[in-house]
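Hi,

Here is the structure I promised to pass on.

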Amino acid sequence: MNDIVIIGAGTAGLSAAIYARRAGKTVLVLEQLSYGGQIINTPEIENYPGIRNISGFDFATGLYEQATALGAEVLIEKVVSIEDGDIKKVVTEEGSHECRAVILATGAKNRPLGLAREEELTGAGVSYCATCDGAFFRGKDVAVNGGGNTALEDALFLSNYCSHVYLIHRRDAFRGDDKEVQRLKDKENVEFVLDSVITALNGEDALDSVSVKNVKTGEEKDLAVKGLFVAIGQMPDNAAFAGLVELDDHGYIKAGEDCLTGTKGIFTAGDCRTKTVRQLTTASADGAVAALAACSYIG
Ligand code: NAP
């Protein structure tokens, strides 16, 4: 039996593992895909204090190596439920693991557009990860949808490979950093398509164009693109824990800065919990807070 099972090997989960191991607790981290979480797809991080510039992959790998070198065990197993009690049983698709405390650090996943044919065309022109798939579109025209930092960074990244990059955003002001917007404005092959939403994904076997509608003028047009990179934010994936901890209307785990859920021995950290700022720094900070709270709960 482990002292603490951490669900999720993203920034919050691995930070929690580092703190819990340094506090002398045995730690098992369960992850359904691979370590790193969402940051692994970010080409460049420039706002993590103390690190001037690092790729998401290198950052995540550093965290993983630090946690495992300290003795945390990481297993790739999808958690399906948790049985509560003084000893908790974390049930996965492969088996189960007993522990005294659980830290839920499940992060969030990409939000889909919700358009017809989106699933069918995913992998055939529609992508949620410019860093992973951008190279397939070298020399082609592509579009990015979204107005946050992910969309801005994706558009910048793609502008280095692709002939033309349309940046489609539903408003005329961006949620992401001004610095990134300015960088894009300086790029000759980037075109802003503002106040616009995508209404259809077109093409036989692969994407050929997207239909967009200007929400202010009502004007509709098709943009001929071979690739569409959807970057319209994230949503949590906490349905498996709905009976165990309280979720808000959007599915985030209700918890404050102390990372305590309403359930004894169950803690939460990072993007999966209710919070106003979802950044690497806040995910790391949550990891530390949740781990120390779990250590003090175990005693
Ligand atoms: P985000 O900041 O939540 O932005 C999502 C964008 O998608 C918003 O512009 C939003 O429009 C738009 N959107 C949402 N739903 C939509 C829909 N159904 N149809 C069309 N557009 C829609 O998400 P994010 O860019 O993935 O970033 C998430 C967090 O990670 C942020 O805190 C961000 O700063 C951070 N991040 C940091 C870095 C970095 O520091 N290097 C890199 C990437 C991300 P509205 O603006 O109109 O709401």
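Predicted model: local features only at pLDDT ≥ 70, side-chain atom pairs only at ≥ 80, totals over all residues.

Residues are numbered from 1 along each chain as its sequence is written, and side-chain values use heavy atoms, with hydrogens and water left out.

First, the cores. By nonpolar core I mean a set of buried Ala, Val, Leu, Ile, Met, Phe, Trp, Tyr and Cys residues joined through side-chain atoms within 4.5 Å; buried is under 20% relative accessible area, exposed over 50%, and partly exposed in between (1.4 Å probe, protein chains only). The largest one has 37 residues, and the members touching the most others are I4, I6, F59 and I103. At least two residues each come from β1 (2–7), α1 (11–22), β2 (27–31), α2 (56–69), β6 (96–104) and α7 (280–298). Helices (H or I, at least four residues) and strands (E, at least two) are DSSP runs, numbered from the N terminus. The largest share of this core, 8 residues, is from α7. Beyond its neighbours within four places in sequence, I4 has contacts (heavy atoms within 4.5 Å) that include L28, C99, I103 and I298. There is also a second, separate core of 19 residues, with A155, C162, V190 and A231 among them.

Next, α6 (residues 178–185), where E180, V181 and L184 are buried. Looking down the axis of α6, these fall within an arc of 100 degrees, so they line one face of the helix; the arc is taken over directions from the helix axis to the C-beta atoms. The face turned away from that buried side carries the exposed D178 and K185. The buried residues of α6 pack against α5 (149–159), β10 (164–168) and β11 (190–193).

The axes of α5 and α6 are 10 Å apart, at an angle of about 30 degrees (lines fitted to C-alpha atoms over the stretch in contact, with angles from 0 to 180 degrees between N-to-C directions). That makes α5 roughly parallel to α6, a label for angles under 35 degrees, with over 145 roughly antiparallel, 65 to 115 roughly perpendicular and the rest oblique.

Finally, V74 sits in strand β3 (residues 73–76). Apart from its neighbours within four places in sequence, V74 is in contact with V29, Y64 and T68.

Cheers
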